[in-house]
Amino acid sequence: MKSFAPAGRTSAGPTEEAGRVVRLVDADTYDVLAGGVTYRVRLMGVDAPEPDQPYGHQAADSVARLLGPKQSVLVTRRGVDLYGRALATVRLPVAGKPALALDSLLVVRGWAWAFDPKRRIAGRAAQQASAVAGRRGLWKCGAVGVLAPRQWRKLNYKNKRRYGVGCTW
């Protein structure tokens, strides 16, 4: 597997390429095979629970159901993060309809936080508000006590055990 190092940028900007997810690392990180090369891809626009965080497994299972073993995806790489992962948007082709943005699906279904600090994605905050109001996914028990992954990663083992319960299913 290679980390993504952008080649010389053209004025045309990023291009979309067909591929398929060969490994699900967690709900927002995947290994994608595209053009004969496997890349580690970090989904842009969302932050999903960590695997050891409450709802982390449920979020990953939700994505795994969407990305079956032969599911093709459309990937647009837009840069590289600090860990060498390609920052990308991933869309799911639907026969006879426009492809669905995976980041929006995760937010609407309540399996990820919207991450759009510069408010570039129209409606992203409304998608999360809808999931919270509908108590979908990680918002099942409401917004109180739900820790975002960036907060979760800062906790030590003892505090993770204290806050790692989530609400009961």
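Author: R85 counts as buried, since its relative accessibility is 19% and the cut-off for buried is under 20%. Bear in mind that this is a predicted model, so every value here is computed from it. R85 sits in the loop between strand 5 and strand 6. Who does it touch? Setting aside neighbours within four places in sequence, R85 is in contact with T29, R40, R42, G79 and V80. One of these, T29, also makes a polar contact with R85, side chain to side chain, at 3.5 Å.

Take R42 to begin with: its side chain meets that of D28 in a salt bridge, 3.4 Å from N to O. R42 lies in strand 3, while D28 is in the loop between strand 1 (16–26) and strand 2, so this pair ties together parts that are 14 residues apart in sequence. Are the two ends buried or exposed? R42 counts as buried at 13% relative accessibility, and D28 is buried as well, at 3%.

Now for R40. Its side chain forms a salt bridge with D31, with 2.4 Å between N and O. D31 also has a salt bridge to R23, at 3.7 Å from N to O. Through shared partners, then, R23, D31 and R40 are joined into one network. D31 is buried, with a relative accessible area of 6%. Across the model, the count comes to seven salt bridges.

What holds the strands around here together? Strand 2 (residues 29–34) and strand 3 (residues 37–43) run antiparallel and are joined by six bridges. One of the pairings is A34 with V37 in strand 3. The hairpin of these two strands has two residues between them, and G35 takes a positive phi near 65 degrees there. Strand 3 also pairs with strand 6 (residues 86–94), this time in parallel, through three bridges. Here L43 has A88 in strand 6 as its bridge partner.

To see how L67 sits among its surroundings, leave out the neighbours within four places in sequence: L67 is in contact with V21, Y30, V73, L92 and L102.

S104 is found in helix 2 and is buried, with a relative accessible area of 17%. Its side chain makes a polar contact of 3.3 Å with the side chain of Q127. Beyond neighbours within four places in sequence, S104 is in contact with R124 and Q127.

Most residues other than glycine have a negative phi. Y55, though, has a phi near 75 degrees, a positive value in a residue other than glycine. Y55 is placed in the loop between strand 4 (46–47) and helix 1 (56–66), and it is buried, with a relative accessible area of 8%. R135 is also not a glycine, yet has a positive phi of about 50 degrees. R135 is in the loop between helix 3 (124–133) and helix 4 (149–152), and it counts as partly exposed, with a relative accessible area of 49%.

Conventions: Residues numbered from 1 in each chain as written. Predicted model: local features only at pLDDT ≥ 70, side-chain atom pairs only at ≥ 80, totals over all residues. Heavy atoms only, no water. Helix = DSSP H or I, 4+ residues; strand = E, 2+ residues; numbered from the N terminus. Buried < 20%, exposed > 50% of the residue type's maximum accessible area, 1.4 Å probe, protein only. Pairing = 2+ DSSP bridges. Contact = heavy atoms within 4.5 Å. Polar contact = N/O pair within 3.5 Å; in protein donor to acceptor, adjacent residues only side chain to side chain. Salt bridge = Lys/Arg side-chain N within 4 Å of Asp/Glu carboxyl O.
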